[in-house]
Amino acid sequence: MNFSTLCNFLLCLLEISFCYDNDKVFSLPNITDHEKFRSNFDIYSGYINSGEAGKALHYLLFTSQRNFSDDPLVVWFNGGPGCSSLGGAFQGNGPFVMVNGKFHHNPYAFNTISNVVYLESPENVGFSDIIESKIPKVQLSGLLIGSPKLKNVKKDYFFYKYFVITGLMSPDLFDELLKKCNCSKNIYCEFRKQACINFRKDIDVKSKFYNTLFSKEASINTSFQHLEKYLNREDVQESLHVSNKFWKVCSRKYKWTKNGNEQVDALNKLTNLYEIPVSIYSGKRDSLLNYLSVNQHIETGVQGKSNWKLLYKFSIPVGNVNKYNKHLDHTVLEGAGHGCLTMKPDLVLHLLENLLHR
């Protein structure tokens, strides 16, 4: 789950400071020496320290390319769980993104309209160590959540319904699946029922309808192999002021542990109780966490009424927006898959800008 928090406060104020002068990055290999690099923003990298050795949370900050003192601060977390936010910084919404081992200027970087800090969390993810850090308290102004997994469900009714809609599974085969899996009201299915398990295996082996789509998604989403090699270079780690530590994009230490409605309940409280704007987005071609499942989980757990409308950018329809209540909406982006940031970076930036102006 790509996860952003928006806060309005000036950077580097003493009472909430975490970007120290000695954390400033003056050169970053293959980026600051890039032919398209412009020094209209600063880079900071370091640790939010607890005062104890070996216990710190790593951050990377790109100041705004407009006006760092007036623009808001976006705090970026990658999903996983347990994946480093530097993946988002260097292969998502940062000013320079890596494609096939080379950095390219990103005109749709989040720091074109805001300050952006990338926190590597939780503990032992990326360059972060055991965390007992004193993280500055800030006022939460809103959330932008991309391709979320709202419930711990690998495959559900909507997982297969998506393939019917996209033409990768026949309606007759889907109807048979509903019978074998005893789906009540076409939503809740007994997927652990043995007859259902056997039937689903037969579908998966014979049709290979989602394996094909998964492989396409994997090729679209840039591989992290080159980024891991880059961030483990000695000169890069020295420039980022990080400890001599092997960096990998995700830690396998973290797994889903709950199966209930915790995340949907949190969305309900944030939007209805605390009235904090939350904007969720999904790629219409996302087969991993498809928009049908996301929409259903929200509709069944959040107070509000579904209301779909077209999303426009420069008078051109680029997706659909489902507004559930005054503060919560879900946008489905046309032409995007699971990696919305790499496939439709301009539209994600457009959503962020809309949220910042609420």
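User: In this predicted model, what share of the contacts in the protein with a separation of 6 or more comes from residues 24 or more positions apart?
Analyst: The structure is a predicted model, and its fold consists of 11 helices and 13 strands. Among contacts with a separation of 6 or more, those between residues 24 or more positions apart account for 70%.

User: How much of the protein is buried, as a percentage of its residues?
Analyst: The protein exposes about 18,000 Å², of which carbon and sulfur atoms supply 51%. Counted by residue, with 358 residues in the protein, the buried part is 52%.

User: Is helix α9 mostly covered or mostly open, and how many of its residues are buried?
Analyst: Helix α9 runs over residues 291-301 and is mostly covered. Its buried residues are Y291, L292, S293, V294, N295, Q296, H297 and I298, and they pack against α2, α8, β10, β11, β12 and β13. Of the 11 residues in α9, the number buried is 8.

User: What is the geometry of the ring pair formed by Y157 and F158?
Analyst: The structure holds 12 aromatic pairs. In the pair of Y157 and F158 the ring centres are 4.8 Å apart and the planes stand at 90°, so the arrangement is edge-to-face.

User: How far apart in sequence are the parts tied together by the pair of Y157 and F174?
Analyst: Y157 and F174 form a tilted aromatic pair, with 5.4 Å from centre to centre and 55° between the planes. Both Y157 and F174 are buried. Because Y157 lies in helix α2 and F174 in helix α3, the separation of the parts that the pair ties together is 17 residues.

User: What is the distance in space between N111 and R66, C-alpha to C-alpha?
Analyst: N111 is found in the loop between β7 and β8 and is buried, with a relative accessible area of 1%. Beyond residues up to four places away in sequence, N111 touches F41, F62, T63, S64, Q65, P95 and V116, and F41 and F62 also belong to a cluster of linked ring pairs with F37, F96 and Y118. Although N111 and R66 are 45 residues apart in sequence, their C-alpha to C-alpha distance is 8.2 Å.

User: Is H327 buried or exposed?
Analyst: H327 lies in the loop between β12 and β13. Leaving aside neighbours within four places in sequence, H327 is in contact with T271, E275, I276, P277, V278 and R358. Since the cut-off for burial is under 20% relative accessible area and H327 has a relative accessibility of 13%, this residue counts as buried.

Technical notes
Residues are numbered from 1 along each chain as its sequence is written. This is a predicted model: local features need pLDDT of at least 70, side-chain atom pairs count only at pLDDT 80 or more; totals for chains, interfaces and linings use all residues. Side-chain values use heavy atoms; hydrogens and water are left out. Helices (H or I, at least four residues) and strands (E, at least two) are DSSP runs, numbered from the N terminus. Buried means under 20% relative accessible area, exposed over 50%, partly exposed in between (1.4 Å probe, protein chains only). Contact means heavy atoms within 4.5 Å. Accessible areas come from the Shrake-Rupley method with a 1.4 Å probe; for residues, only the protein chains shown count as cover. Rings of Phe, Tyr and Trp (its six-membered ring) pair if their centres lie within 6.5 Å; planes under 30 degrees apart count as stacked, over 60 as edge-to-face and the rest as tilted.
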